[in-house]
Amino acid sequence: MEKKRKVYTLRLPTDQDDVIEELSKELGITKSEFIRNALKTYAILKFAEKKGKRIILEDMNTGEKEWLILS
């Protein structure tokens, strides 16, 4: 059974559309899938912030860690 989908119309500045276009091509996904993934990522970030958690970025090569600052 297919999930029901809601259709949205977005008006984005050209530079933001360019970023979506470039990254979705790089990842091999549609623009819609890219935007859905971006919304999921944002929800995770806001959930962490709400719970008083920090997101830590770790360099896969060096193991160096830095905090992701939200604001």
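Here is our chat about the chain, its pocket and one lysine.

Mentor: Before we start, this is a predicted model, where local features need pLDDT of at least 70 and side-chain atom pairs count only at pLDDT 80 or more, while totals for chains, interfaces and linings use all residues. Residues are numbered from 1 along each chain as its sequence is written, and side-chain values use heavy atoms, with hydrogens and water left out.

Trainee: Which pattern does the protein chain follow along the sequence?

Mentor: Helices (H or I, at least four residues) and strands (E, at least two) are DSSP runs, numbered from the N terminus. The chain has 2 helices and 2 strands. Read along the sequence, that gives α-α-β-β.

Trainee: What radius of gyration does the protein chain have, next to a compact globule of 71 residues?

Mentor: The radius is taken over C-alpha atoms, and the globule rule is 2.2 Å times the number of residues to the power 0.38. The C-alpha atoms fill a box of roughly 40 × 30 × 25 Å along the principal axes. A compact globule of 71 residues would be near 11 Å, but this chain has 16 Å.

Trainee: Which helix gives the largest share of the lining of the largest pocket?

Mentor: A pocket here is an open set of points on a 1 Å grid over the protein atoms alone, where a 1.4 Å probe fits, with protein on both sides within 12 Å along at least five of seven lines; lining residues have an atom within 4 Å of a point. The largest pocket is lined by 14 residues, with K6, Y8, S32, I35 and R36 nearest its centre. Both α1 (14-27) and α2 (31-50) supply at least two lining residues. The largest share, 5 residues, comes from α2.

Trainee: Is K31 buried, partly exposed or exposed?

Mentor: K31 sits in helix α2. Buried means under 20% relative accessible area, exposed over 50%, partly exposed in between (1.4 Å probe, protein chains only). K31 has a relative accessible area of 30%, so call it partly exposed.

Trainee: Which residues is K31 in contact with, leaving aside neighbours within four places in sequence?

Mentor: Contact means heavy atoms within 4.5 Å. E21, 10 residues away in sequence, is 6.5 Å from K31, C-alpha to C-alpha. Beyond those neighbours, the contacts of K31 are D17, I20, E21 and S24.
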